[in-house]
Structures are given as structure tokens and as C-alpha cells.
Amino acid sequence: MPSAKLHSDGIKHWPVPAQLLPSAGNLSDRFNRSLHDLRISVTDRCNFRCTYCMPKEIFTKDYPYLSQNELLSFEEITRLAKIFVLHGVRKIRLTGGEPLLRKNIEDLIAMLADIRTPEGHALDLTLTTNGSLLRKKASALRAAGLKRLTVSLDALDDPIFKSMNDVDFPVGDVLDGIQAASNAGFDQIKINMVVKRGVNDHEIIPMVKYFKNTGHTLRFIEFMDVGDSNAWQAHDVMRTDDIITLLDAAGFPLVPLPAQQLGETAQRFQHQDGSAELGFISSVSHAFCRDCNRARLSTQGMLYTCLFASEGHDLREHLRSTANTVNADEIVANIIRGIWEDRGDRYSELRDIERRASHRKKIEMSYIGG
């Protein structure tokens, strides 16, 4: 595959390959990691200003968000999704920003729900939301074909939750949204709690008590150094082992559960009494790079092969410039193939080394999703 040109904005632009190869099915990168999950950001906008993701002092009303014509259309997203499926993708997660802010998002879900694998199977189609619009949207999302939901919720205490979302949004409205989603037919909803030491770590036990008998899966996420805007410091991280010790001391001993599939981000546990499952996403203390099988597509059509990436790959230019050519999909498919087969990302395993490289500017999580 020919070399790409790296522009000053951190985006690589790939020429059309001289030889077009047929889709290879399952791809493998340089560490023999397959391509299985695709996370698609549908907007770079969010109605929250969470301090660990989109701090208000940076993401102001004057922040240069993407214009409408820069965003991939639903048709372009669907076309790319079909190409990724031919390369082995079996799970698609819609993210943002806040994906429910994208107008008529249920139309995109319906389009993606119609995609079938070469074996004739539907995709595992899921979405992550802050829950603010879930009460309004839950039934439409389910009817469109969305299979699963993940809701971000960092505290049950209203003042703490409002201080973390930084827009004075009440926790009760998110809880109402979760209930509306459950009523619409979503079962085993995943609840993601980003834990920041000294900020919301005292909410761990209340969250466990609240969700223990709901049928939903509470997952604790270590505060990560995603992007360059959240002022990450290692001492702010509440590590997974510390949370497990805390739960045990509070009368909530856990037992480990086996992984359901290779490449899962969360370590699975269950309450010793069998009442509920919990998950731990431990990018800092227990890096899971060695099995990472996820690619990320920004709403602008840039492909990123790691959550902590500093460089993206422009797929949109080929998607649009080759839209009317006979071999358009083959061109894009071959570029994706070359990118993945050359992939060597393992930031979390090399965090200390990578962070010392001061010139390294990482992409913001609000741009490519979590």
C-alpha cells in the first residue's frame, strides 16, 4: 500500500491503491488483533459539559464545532458500515458527543439494523448516551432496531451529578430515561460510572445499592487521559482494585466471571449472592490493549485505531470523490485494510512512555466517542 501524507491537523490522506484486493474477511493487525467492533460518532456536540470529557472552559459557545456539510450523512455512514462488515465487524456502537442530539438518529439505526453479515446475521447494534433525551427517544430507538443501550451516570447525589455534568442537569431525569428504556424493551442496560478520586468516589456504594436488583449492569470506568482537555493526573484515578476492596469492606464481595468474548473492555464480576453483574473498565491499571479489536469512525469520516490516537485517517475524501465510480467501495475497503493491517497501537500498555512524548496531541473523546 502506498504511503499516506500526514497533514498538520493530524490527519493522514491516502492515495488510491495501485492494486485493489478483494475483502479479506477477518483482518489482523501487527499484533494479530482482529477487527470486530466499530464505534461510530454521529456528532461532536453534547448538551453536557462533563469535566473529564468536555470541560466548559474549553468547549464554549465559540468552540469550532463541525458544520453540517462536514458530517457524514446517514447514507455515507451506512455505506462505510457495510464495508467494515465485510472486513469482519460484527458490532457497531453509536456514540458522540451525545448521539441523541443527531436529528432523526432512529433513521440511521434502522438503516444499520438492515445490514447483514456475509453469513446472514444481524449486527450487534448498540448506543451510548448520557440519558438526557432517553425518556423522549427510547421507544423510537427500540422500534428502529437498536438492540442494547449504555447510559453514562456518574452519581446519584444530585449536587454531585450536576457539578460533574456542569450544566445543572438533574439526575432524576436520567433515571427516568433509564426506566423509559426498560419499559420500551431494553433489558440489561449498562450503566457507566466514571470514577474520579475525591470527586465522586463516595458515590460508588450508593450506585451499587441502587442498581443491585434492577437487572442492569453497573460498570466502573477508571478516569482516563483521553484527549488533552481534562487535566488528567494519575492521583485522580480510583483504580479497579481499590474499588473492589472498598466494595468488599462494605459488604459487597464479588466473584469474577469469565469473558463472554475476546476483546471485551470490561472485566466482569458478580455479587457473591448472585444478584447482579458488575463491570470494571480499567484502562489505567489493567490495560487491555493486547486484545483490542475496536476501530473508531468520527462523525467527519476519519478513522482512528485507538481511543488515545494522535493521528486519524481520512476516509471521507475517498467516500465522496469516488462516490460515482464503479469500484468506489473497493478503494475504501483496501485503504481500511491497509490501515488495520499496519496497526500497532497499545497506548495504555505504554502510557508512561507515551505521556513523556510532549509533542503527542491526542484526539478528544467528544470527537470520536468513548
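Me: In this predicted model, is N32 buried or exposed?
Reply: Let's start with where N32 sits, which is the loop between β2 and β3. Its phi is near 65°, a positive value in a residue other than glycine. Most residues other than glycine have a negative phi. As for accessibility, N32 has a relative accessible area of 63%, and over 50% counts as exposed, so N32 is exposed.

Me: D166 is not a glycine either; what is its phi?
Reply: You will find D166 in the loop between α4 and α5. With a relative accessible area of 25%, D166 is partly exposed. Its phi is positive although the residue is not a glycine, with a value of about 60°.

Me: Which residues of helix α6 are buried, and why do they line one face of the helix?
Reply: Helix α6 covers residues 204–211, and its buried residues are I204, I205, M207, V208 and F211. Looking down the axis of α6, these buried residues fall within an arc of 160°, so they line one face.

Me: What do the buried residues of α6 pack against?
Reply: Their partners include two helices, α5 (171–183) and α7 (240–249). Strands take part as well, and these are β7 (190–195), β8 (217–222), β10 (267–271) and β11 (277–281).

Me: Which residue in β11 is the bridge partner of Q270?
Reply: Strand β10 is joined to β11 by 4 bridges, and this pair runs antiparallel. The hairpin of β10 and β11 has 5 residues between the strands, and G274 there takes a positive phi near 80°. In β11, the bridge partner of Q270 is E277.

Me: Is T150 buried or exposed, and which residues is it in contact with?
Reply: T150 belongs to strand β6, residues 148–152. Its relative accessible area is 0%, so T150 is buried. Leaving aside neighbours within four places in sequence, its contacts are R93, L127, T128, T129, K190, N192 and R219.

Me: How many disulfides does a search of the whole structure find?
Reply: C50 is in no disulfide, as the nearest cysteine sulfur, that of C46, is 6.3 Å away. For C292, the closest cysteine sulfur is in C306, at 6.6 Å, too far for a bond. Both C50, at 13% relative accessibility, and C292, at 11%, are buried. The number of disulfides found in the whole structure is 0.

Me: D29 and R343 form a salt bridge; how many residues apart are they?
Reply: The closest N and O atoms of D29 and R343 are 2.8 Å apart. D29 is in the loop between β2 (11–13) and β3 (37–41), while R343 is in the loop between α9 (328–341) and α10 (351–356). D29 counts as buried at 6% relative accessibility, and R343 counts as buried at 3%. The pair links distant parts of the chain, and its separation in residues is 314.

Me: How many residues apart in helix α4 are K162 and D158?
Reply: The side chains of K162 and D158 meet in a salt bridge, 3.3 Å from N to O. K162 is partly exposed at 24%, and D158 is partly exposed at 25%. About one helical turn separates them, because their spacing in residues is 4.

Me: Which residues do salt bridges that share partners join into one network?
Reply: First, another pair: E341 and R337 meet in a salt bridge of 3.3 Å, N to O. Both lie in helix α9, 4 residues apart. The network of salt bridges that share partners is made of D29, R33, R343 and D345.

Me: Which peptide bond is cis, with omega near 15°?
Reply: Most peptide bonds are trans. The place to look is around G97, in the loop between β4 (91–95) and α2 (105–113). The cis bond with omega near 15° runs from G96 to G97.

How values were computed: Residues numbered from 1 in each chain as written. Predicted model: local features only at pLDDT ≥ 70, side-chain atom pairs only at ≥ 80, totals over all residues. Heavy atoms only, no water. Buried < 20%, exposed > 50% of the residue type's maximum accessible area, 1.4 Å probe, protein only. Arc of directions from axis to C-beta. Contact = heavy atoms within 4.5 Å. Disulfide = S-S within 2.5 Å. Pairing = 2+ DSSP bridges. Salt bridge = Lys/Arg side-chain N within 4 Å of Asp/Glu carboxyl O.
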